[in-house]
Protein chains: 2
Amino acid sequence: MPQMKIMLTRAEENYLKTIYHLEGDKPQEVNTTAIAEAMENKPSSVTDMVQRLSDKNLATYKRYRGVRLTARGRKIATGVIRKHRLWEVFLVEKLHFEWDQVHDIAEQLEHVQSDELVRRLDDYLGNPEFDPHGDPIPNADGIMARTEKKLLSDATPEQMGVCVGVKESSADFLQYLDRLKINIGTKIKVVAKESFDDSVLIEVDGVLLSLSGKVAENLFLKLI
Amino acid sequence: MPQMKIMLTRAEENYLKTIYHLEGDKPQEVNTTAIAEAMENKPSSVTDMVQRLSDKNLATYKRYRGVRLTARGRKIATGVIRKHRLWEVFLVEKLHFEWDQVHDIAEQLEHVQSDELVRRLDDYLGNPEFDPHGDPIPNADGIMARTEKKLLSDATPEQMGVCVGVKESSADFLQYLDRLKINIGTKIKVVAKESFDDSVLIEVDGVLLSLSGKVAENLFLKLI
DNA sequence: TTTAGAATTTAGCCTTAGCTAAATTTTTAT
DNA sequence: ATAAAAATTTAGCTAAGGCTAAATTCTAAA
């Protein structure tokens with residue numbers, strides 16, 4: 001038989017999610033210190049947990065060598081991410097939260113266990129492909145749309161793009177973008193790049209704005 | 001100052017909710033065995049927890065004498081019940097779950113912490129006063145509508161009523177009612193009562209049904 | 001009023017999931 | 001090649017929240 005359905009704790013789900021994010025595009029070893037930093041706890045606590053995840057066949061772990069998710073671990077991680085992002089859509093689209101207010105709430109909702117709930121929520125929201133930050137929502141099999149998004153800092157003058165997401169999604173940063181009237185879907189034209197401070201001059205709704213290099217490195221565009 | 005906002009664990013919230021339900025209409029002492037039975041755990045575990053609730057001024061507890069919620073404890077209990085019932089409305093009204101499928105999911109959702117979320121959810125649902133089982137939803141201050149509902153077993157022949165809720169809300173019972181096409185809002189006429197087995201003969205949509213005494217003792221009507 | 005039985009609490013143990021401090025392994029610099 | 005530094009793991013502690021078994025207190029019947 002395939003594999004019994006297994007009940008994981010909140011902490012286990014959070015570790016799987018974090019490891020998934022740290023592995024990045026190509027699955028690879030993640031070291032315990034990186035996990036500890038991302039989760040704001042201590043490396044020794046991480047060691048403990050990855051050993052347990054390994055016992056449950058959710059990750060492979062070799063002492064001093066780092067950890068990597070198994071197919072099963074990755075399936076669960078994408079399931080949690082799927083729920084997180086669907087709930088974010090719900091909060092913004094239906095309850096009219098701002099995109100910078102939804103993360104903490106979605107962190108809680110993502111752990112609610114009910115396959116039927118997820119299915120119905122997905123349908124209710126119209127099977128969205130992206131969350132309010134522009135991140136793709138995995139489908140029930142863990143597959144997510146591939147976006148060829150590009151950082152504003154990597155775009156060249158005269159290029160046009162639509163804002164499709166952010167790299168850092170801290171509330172501070174999102175609120176800053178809100179004040180500039182930059183949102184998912186905002187049309188942006190790259191006017192010039194200043195090489196001396198890496199700032200980027202853009203045009204939004206006919207208005208010129210200068211963004212710092214740091215901001216440009218955290219804003220994703222889809223070129224048009 | 002009034003009282004610092006306090007973070008409670010899921011277990012603490014569940015105890016407060018259970019004690020609230022067991023206290024019933026008039027606040028009164030609840031014994032540990034009753035709590036243990038309701039929560040399906042052991043009396044010794046309950047003793048432990050009620051001592052901690054008492055330390056936090058959420059309940060008053062005297063050894064061997066039972067436990068009772070303080071005003072603060074009651075406020076938190078009604079807050080959890082408010083969330084539970086609002087989420088049940090969401091699941092039935094928006095996601096089209098059946099009334100017998102929502103309890104377990106609402107048990108999880110009721111612990112999500114965000115005052116803003118509750119406010120917005122309440123508005124989104126149109127500030128409902130009752131959940132899908134006919135139970136009143138506490139407002140933000142813990143006050144809930146008083147329903148003068150009556151058990152079908154206490155109604156007399158010739159009386160007419162609308163089904164407004166159930167006492168036992170097990171999935172089995174709710175599914176049984178579904179098969180009889182009895183739901184919240186169903187109009188019921190009491191035709192006769194059989195004293196020898198306490199069964200009740202009723203008329204629904206022109207159809208005669210005989211309900212066992214046990215069913216009649218678990219179905220609430222509002223007389224009309 | 002005493003006492004058997006029921007209810008309740010206490011004591012001590014377990015698991016999860018965190019921590020610190022110490023030990024160990026790996027990496028890096030000389 | 002080796003020693004110092006950095007990374008990682010192990011050992012042992014803590015708190016929450018459950019358990020069982022033993023001790024205690026309450027209650028009800030003789």
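**View 1. The S6–S7 hairpin of chain B, in a predicted model.** Strands S6(B) and S7(B) form a hairpin with two residues between them. In the turn, B:Asp205 has a positive phi of about 50 degrees. S6 spans residues 200-204 and S7 residues 207-211 of chain B. Five bridges join these antiparallel strands. B:Leu201 has B:Ser210 as its bridge partner in S7(B). B:Ile202 stands opposite B:Leu209. Strands (E, at least two residues) and helices (H or I, at least four) are DSSP runs, numbered from the N terminus. Two strands pair if DSSP finds at least two bridges between them. The model is predicted: local features need pLDDT of at least 70 and side-chain atom pairs count only at pLDDT 80 or more, while totals for chains, interfaces and linings use all residues. Residues are numbered from 1 along each chain as its sequence is written, and chains are lettered from A and ligands numbered from 1 in the order in which they are written.

**View 2. The open sheet of chain B.** Six strands of chain B follow the order S3-S8-S4-S5-S6-S7, with antiparallel pairing. S3 (150-151) and S7 of chain B are the edge strands, and each pairs on one side only.

**View 3. The open sheet of chain A.** Here, too, the order is S3-S8-S4-S5-S6-S7, and the six strands pair antiparallel. S3 (150-151) and S7 (207-211) of chain A stand at the edges with a single partner strand each, so one side of each lacks a neighbour in the sheet. Within the sheet, three bridges join S4(A), residues 160-166, to S5(A), residues 187-193. These two strands run antiparallel. A:Gly161 has A:Ile188 as its bridge partner in S5(A).

View 4. S1(A) covers residues 59-62 and S2(A) residues 66-69. The two strands run antiparallel and are joined by four bridges. A:Tyr61 stands opposite A:Val67 in S2(A). Three residues lie between the strands of this hairpin. One of the turn residues, A:Tyr64, has a positive phi of about 70 degrees.

**View 5. Helix H4 against helix H6 in chain A.** The axes of H4(A), residues 71-94, and H6(A) come within 10 Å and cross at roughly 40 degrees. Axes are lines fitted to C-alpha atoms, for helices over the stretch in contact; angles run from 0 to 180 degrees between N-to-C directions. H4(A) and H6(A) are therefore oblique to each other. Angles under 35 degrees count as roughly parallel, over 145 as roughly antiparallel, 65 to 115 as roughly perpendicular, and the rest as oblique. From H4(A), A:Arg82, A:Lys83, A:Leu86 and A:Phe90 meet A:Val118, A:Leu121 and A:Asp122 of H6(A). Contact requires C-beta atoms, placed from the backbone, within 7 Å. This contact has four nonpolar, no polar and three charged residues. Ala, Val, Leu, Ile, Met, Phe, Trp, Tyr, Cys and Pro count as nonpolar, Asp, Glu, Lys and Arg as charged, and the others, Gly among them, as polar.

**View 6. Where chain A meets chain B.** Each chain gives residues to the contact: 12 from chain A and 12 from chain B. On chain A, H5 (103-109) and H6 (115-124) each supply at least two residues. H6(A) gives the largest share, four residues. By class, the chain A side has seven nonpolar, three polar and two charged residues. The copies meet through the same surface, because 100% of the interface residues of chain A are also interface residues in chain B.

**View 7. The axis between the copies.**

Notes. Contact = placed C-beta atoms within 7 Å.
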